[in-house]
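Here are my notes on this one, written as numbered points. Keep the picture open while you read, and find each residue as it comes up.

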Amino acid sequence: KGSYYENALTNGLVFTGTHPLKKPGAFQFRVVVADANSTEIGSASQFIDVPDLRKGGLSLSGILLTNASQEVMKNLTGDTAGTDEFSGYSEGHPAIRRFHLGQKVSYMYKVLHPAPGPGSGTPQLETSLRLYRDGQEVLGTPPRPLTAAGDKGQERYLVGGILNFGKPMAPGEY
């Protein structure tokens, strides 16, 4: 009803839930939505790999992509040159992930249980970014030391950055 209905029309339906898993491994997550008014049915699926975090060892979360608002730009880069002008039509939130040329997109992921480094015990991590279209790399960065704000007690590191979807990127699936 009201603003919730309008938001669902604009941005899609976002449902959040928790489902405990008894063991780690590969899973296929499936969703089906039925429209009672039109009797149409929509579906989506995604494979996920749930690591065994009890054993420790390096693991990564999924990658979260969203429109890089001015607030996100300031938090990640200290710059306020975000892209709020795209927020009205970008569909750049985690559920839909459609972005437009000229848009800045933030990405984030977590690094879990990195091995302690020699001496100080601080993990020594490197990261690089690769973006593919039709199996071909269209963007790549050289490996660089990972400087991430870590929660040392829980061995988690939040990593993020900004992608600029400008020229020469062609429309399509990446």
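1. Let's begin with a word we'll need throughout: a residue is buried if its relative accessible area is under 20%, exposed if over 50%, and partly exposed in between, using a 1.4 Å probe and the protein chains only. Strands (E, at least two residues) and helices (H or I, at least four) are DSSP runs numbered from the N terminus. With that in hand, look at strand E1: the count of buried residues among its ten residues is zero, so E1 is hardly covered.

2. Before going further, a caution: this is a predicted model, where local features need pLDDT of at least 70 and side-chain atom pairs count only at pLDDT 80 or more, while totals for chains, interfaces and linings use all residues. Residues are numbered from 1 along each chain as its sequence is written, and side-chain values use heavy atoms, leaving out hydrogens and water.

3. What does E1 pair with? Its partner is strand E2 (residues 41-50), in the antiparallel sense and over ten bridges; two strands count as paired if DSSP finds at least two bridges between them. Within this pairing, Phe 29 stands opposite Gln 46 in E2.

4. Is Thr 39 buried or exposed? Thr 39 counts as exposed, because its relative accessibility is 67%.

5. Val 33 lies in E1 (residues 25-34) and is partly exposed, because its relative accessible area is 43%.

6. On to the inside. In soluble globular proteins, nonpolar side chains tend to be buried together. A nonpolar core is a set of buried Ala, Val, Leu, Ile, Met, Phe, Trp, Tyr and Cys residues joined through side-chain atoms within 4.5 Å. The largest one here has 13 residues, and those touching the most other members include Val 105, Val 159 and Phe 165. Strands E5 (103-112) and E11 (156-165) are the elements that give two or more residues to this core.

7. Val 159 is found in E11 and counts as buried, at 7% relative accessibility. Between Val 159 and Tyr 107 there are 8.2 Å in space, C-alpha to C-alpha, though they sit 52 residues apart in sequence. As for Phe 165, its contacts (heavy atoms within 4.5 Å) include Phe 99, Val 105 and Leu 131.

8. Finally, charges. How many salt bridges does a search of the whole structure find? Two, where a salt bridge is a side-chain nitrogen of Lys or Arg within 4 Å of a carboxyl oxygen of Asp or Glu. Asp 52 pairs with Arg 54, with the closest N and O atoms 3.2 Å apart; Arg 130 pairs with Glu 137, at 3.5 Å.

Notes: Lists of a residue's contacts leave out its neighbours within four places in sequence.
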